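Subject: Structure handover

Hello,

Here is the structure for you to look over. My notes on it follow below.

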Amino acid sequence: MKKLLQFALLLLALPLAAAVFDLGPTLFNRRAGIWKTTGKELAPLSGGILKYLDSNETGMRGASNNNHQLYFYGQKADEVNLSFREGQLKQLTLFIYNRGDSGVLSEKNFQAILREVNAKIAPLVEGITPEYQNARVGERAKILAKAWYGKDFDLVLRWSSSEYIALDLYPPGASPDSVRQGIQSGGAEKAPDHSPRLDEAGNKFLLVPMIDQGKKEYALAAAIARVMRYYGSSVDLHVIAQLLQSDTRFGTDPFYAARALSSARGKLKIRLDDLVHPKIFENESECNRMLADYNQFARKQKSRTIRLETFARGFDDNRVVDYIRLFESLDPGIYVLARQRDHDIRKFEKYVREYIDRGAPLLWLTVTLPRMPGNDEATLQAYSRIISGYNPKTGDIIYTDSRGVEHEKKIMPLREAWAITALLVRIEPR
């Protein structure tokens, strides 16, 4: 009995075998038949790796982790994204490697993987002459590509050194004319499905393509890529993450990101404008104005008042305010009340209604205090989202986070949404 128990404990201690899904023989070998593949067929074939991204089942995603492993003809891969139209596959992007999931590679190792991918592709494109392409998105973001246009599919291999190696698969003739054209916002007349919808609760909202950022701290890159895909671009979050120099663990420096995105407006064919930008997180006079309102409410509630000087050090030009510690010291309930006295809340509400009514989602950068809903940490939490709608009667804000199907349509009262607003940005085609 003792030996049997020891054997059982040994079995429990063994690591479980990862589910394996090789897209090469499962999908690519179907050639032209791949375009009849459905998501309902792929879900069980993938062993649970592939999950739907949205409730309309127009997208799926799968990623390698401790329990699942993607392959491409025996070569390990990091992530795959699939799009469907009327239930059937219409496009696939397979990341053999990306920095966000696998870390930084040396140039030697990166080139070794690239050679191996080319060898795996060779039988699929035999007899087809590749077209070499390139596009520079920003100072540190250059895309190189090879495209094969065949009778069964268009296949594009694109890469950017030490950032990603990706395979894009399209029906024959359906790929962008070039990678340069593919990353640009469509600029074409909006399709009917860009008109706001109404649900049973009276919420007016837009359908913004979902991207799941996974475990990567790529929220800003994902939100920007989603808005651009809404306007017809094929850009993905890894291209934007490289442009913004996003860190997979610590996210994106918003000041660098603003400069990088602004400098890339021409190449991406977008218009970019800050609509609402509260200065309370960076400007002493604006922060003091908010604190005056905060302290009025704090005294009424017999709560502790807060002085900016407590968090400042130095003098004159050398004076520095620790805004992070300051905001972490605030009572979230009192803070929400204080923010309502800011007249910009009306501007915020006006812009949300105006842009949603004309079919334009808005990039929304938020900062939540400790103990606010959605923040269980003891520190400030910054996150990039998309405002995709509002309720005309209640004023509630409809928003979406880049984390999959459960986050495609979320609701927040206007007063709470304004309280966490750090920046509201419009991104539209030029």
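**Cores and packing**

Leucine 244 touches Leu220, Ala221, Ile224, Thr252, Tyr256, Ala257, Ala260 and Leu261, leaving out residues up to four places away in sequence. Contact here means heavy atoms within 4.5 Å.

Some ground rules. This is a predicted model, in which local features need pLDDT of at least 70 and side-chain atom pairs count only at pLDDT 80 or more, while totals for chains, interfaces and linings use all residues. Residues are numbered from 1 along each chain as its sequence is written, and side-chain values use heavy atoms, with hydrogens and water left out.

Leu244 also belongs to the largest nonpolar core, which has 94 residues. Leu244, Phe327, Leu330, Tyr335, Phe348 and Leu424 touch the most other members. Helix 7 (residues 219-230) gives this core its largest share, nine residues. A separate second core has 36 residues, including Phe28, Phe72, Phe110 and Leu114. A nonpolar core is a set of buried Ala, Val, Leu, Ile, Met, Phe, Trp, Tyr and Cys residues joined through side-chain atoms within 4.5 Å. Buried is under 20% relative accessible area, exposed over 50%, partly exposed in between (1.4 Å probe, protein chains only). Helices (H or I, at least four residues) and strands (E, at least two) are DSSP runs, numbered from the N terminus.

**Two helix pairs**

Helix 7 packs on helix 8 (residues 237-244) at about 125 degrees, with the axes 8 Å apart. Helix 7 is therefore oblique to helix 8. Axes are lines fitted to C-alpha atoms, for helices over the stretch in contact, and angles run from 0 to 180 degrees between N-to-C directions. Under 35 degrees is roughly parallel, over 145 roughly antiparallel, 65 to 115 roughly perpendicular, and the rest oblique. Helix 7 brings Leu220, Ala221, Ala222, Ile224, Ala225 and Met228 to the contact; helix 8 brings Leu237, Ile240, Ala241 and Leu244. By class, that contact of helix 7 with helix 8 has 10 nonpolar, no polar and no charged residues. Ala, Val, Leu, Ile, Met, Phe, Trp, Tyr, Cys and Pro count as nonpolar, Asp, Glu, Lys and Arg as charged, and the others, Gly among them, as polar.

Now helix 13 (residues 332-339). Six of its eight residues are buried: Pro332, Ile334, Tyr335, Val336, Ala338 and Arg339. They pack against helix 11 (284-300), helix 12 (323-328), helix 15 and strand 21 (421-429). Helix 11 and helix 13 pack at about 125 degrees, axes 8 Å apart. That makes helix 11 oblique to helix 13. From helix 11, Met290, Asp293, Tyr294, Phe297 and Ala298 meet Ile334, Tyr335, Leu337, Ala338 and Arg339 of helix 13. The class count for helix 11 with helix 13 is eight nonpolar, no polar and two charged residues.

**Two buried residues**

Tryptophan 418 sits in helix 15 (residues 414-419). Its relative accessible area is 0%, so tryptophan 418 is buried. Beyond four places in sequence, tryptophan 418 touches Val276, Pro278, Arg339, Asp342, Asp344, Ile345 and Phe348. Aspartate 344 is 74 residues away along the chain, with the two C-alpha atoms 8.9 Å apart.

Valine 80 lies in strand 6 (residues 79-85). Valine 80 is buried too, at a relative accessible area of 0%. Among its contacts beyond four places in sequence are Leu23, Leu50, Met60 and Arg61. Valine 80 and arginine 61 are 19 residues apart in sequence and 5.7 Å apart in space, C-alpha to C-alpha.

Best wishes
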